[in-house]
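Here's a quick tour of a few spots worth a look. Keep the viewer open and follow along.

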Amino acid sequence: MLKFQLTKHYRHEGGVMSQQPWQSYWQSHTTANSFLHEYESGEGPYGVIADYWSRIFEQFTPETNVIDLGAGNGALSHLYLRQFPQPVIGKWKNIDFAHIQCETAHACVEHIQADMHALPLSANSVHQAVSMYGLEYSDLHQSMSEISRVLVSKGHLHCLLHHPDSIISLQSQITINVSERLLQVDFLSDPQSLSSMSYEQIKQHCLKGLNAHLHSVDIKAQEDVKLIGQNVFNILQFNTSVVVICECLQKLADAIAAQSQRLMQQLDAAAQAKSFFATNSHKAQFVNEHSLELLTYNERPIAYAFSGIK
């Protein structure tokens, strides 16, 4: 059976955003992060992100208990273990609202399914809380308060959050627009409508439709059309049964719709982060010391970088 890989996947915990699109995503992907790219590659913006976390990890000590909020498959713990193959911490707990099924990278690392608004942790039990593109999918007012509860006195929070004007957010909007347009074409909106056609008729019909869309979109959106087109082409290449083709096209349409939902959640998360910081809400829980800056690459924002001390 074909397994559809729609890259550029980019979670709101609790009751506002549904975890289902992300739970399905993490259970069907083994990659450590939702961008299908390993941050330790050191390339481009990923290198900037890796350098940021390298500086944070240097602060950890053998007594440090770490929690990663909205951890997914554990990108940060993988990044930490790459830098410190022999960990110099106590425990590292990856926490995500989605049910994660992946191998534990090290004995000190564990995965916990939990709500960031109600962490199953004792008060004053965590030394370092970290999050990369995860915390902003929660209600930040509630989750920040909960983080403050579990942190020890002088405990730290370090997080990178989506920015509305980042490369990620801009690409998300492009992909959403392409997905919405393509989901309206008949071979994706209603694959069963092709059941009366022959294999050759379906093939010509789909390729003609894809070609028309490719030439009707802005150049920045063409890669997304090509990506979906490649999946359609693979279906047609490996199957000649009309019944199977219709079933595969429906699965592809479902995958595209789920991806679009994840990307819309990402844009909502970025907008929430912007509003949260604009109103100085972050200062309420971290009154001793805090800092907020933009992480950038080629003068373009990658993320909000927030650090606070309880």
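Start with N298, which is exposed, with a relative accessible area of 60%. Keep in mind while looking that this is a predicted model. N298 sits in the loop between strand 6 (289-297) and strand 7 (300-309). Its phi is near 55°, a positive value in a residue that isn't glycine.

Now hop over to N124, in the loop that links strand 3 and strand 4. N124 isn't a glycine either, yet it has a positive phi of about 55°. Is N124 buried, partly exposed or exposed? Its relative accessibility is 47%, and the cut-off for exposed is over 50%, so N124 counts as partly exposed.

## Helix 2 meets helix 3

Next up is a helix pair: helix 2 (residues 44-57) and helix 3 (residues 75-83). Their axes come within 10 Å and cross at roughly 70°. Angles of 65 to 115 degrees count as roughly perpendicular, so that's the label for helix 2 and helix 3. As for handedness, the crossing of helix 2 and helix 3 is right-handed.

Which residues make the contact between helix 2 and helix 3? Helix 2 brings A50, W53, S54 and F57, and helix 3 answers with L76, L79, Y80 and Q83. Sort the residues of this contact by type and you get six nonpolar, two polar and no charged.

## What else helix 3 touches

Helix 3 has several buried residues: A75, L76, S77, L79, Y80 and L81. Their packing partners go beyond helix 2. The buried residues of helix 3 also pack against strand 1 (66-69), strand 2 (92-96), strand 3 (109-113) and strand 4 (126-132).

C246 is at 1% relative accessibility, so C246 counts as buried. C108 is at 8% relative accessibility, and counts as buried too, since the cut-off is under 20%.

Last stop: A269, in helix 9 (residues 242-278). A269 is buried because its relative accessibility is 0%.

Where does A269 stand relative to L135? In sequence, A269 and L135 are 134 residues apart. In space, A269 and L135 are 8.7 Å apart, C-alpha to C-alpha.

Definitions and conventions. Residues numbered from 1 in each chain as written. Predicted model: local features only at pLDDT ≥ 70, side-chain atom pairs only at ≥ 80, totals over all residues. Heavy atoms only, no water. Helix = DSSP H or I, 4+ residues; strand = E, 2+ residues; numbered from the N terminus. Buried < 20%, exposed > 50% of the residue type's maximum accessible area, 1.4 Å probe, protein only. Axes fitted to C-alpha atoms, helices over the stretch in contact; angles between N-to-C directions. Parallel < 35°, antiparallel > 145°, perpendicular 65-115°, else oblique. Left-handed = near helix turned anticlockwise from the far one by under 90°. Contact = heavy atoms within 4.5 Å. Nonpolar A, V, L, I, M, F, W, Y, C, P; charged D, E, K, R; others polar.
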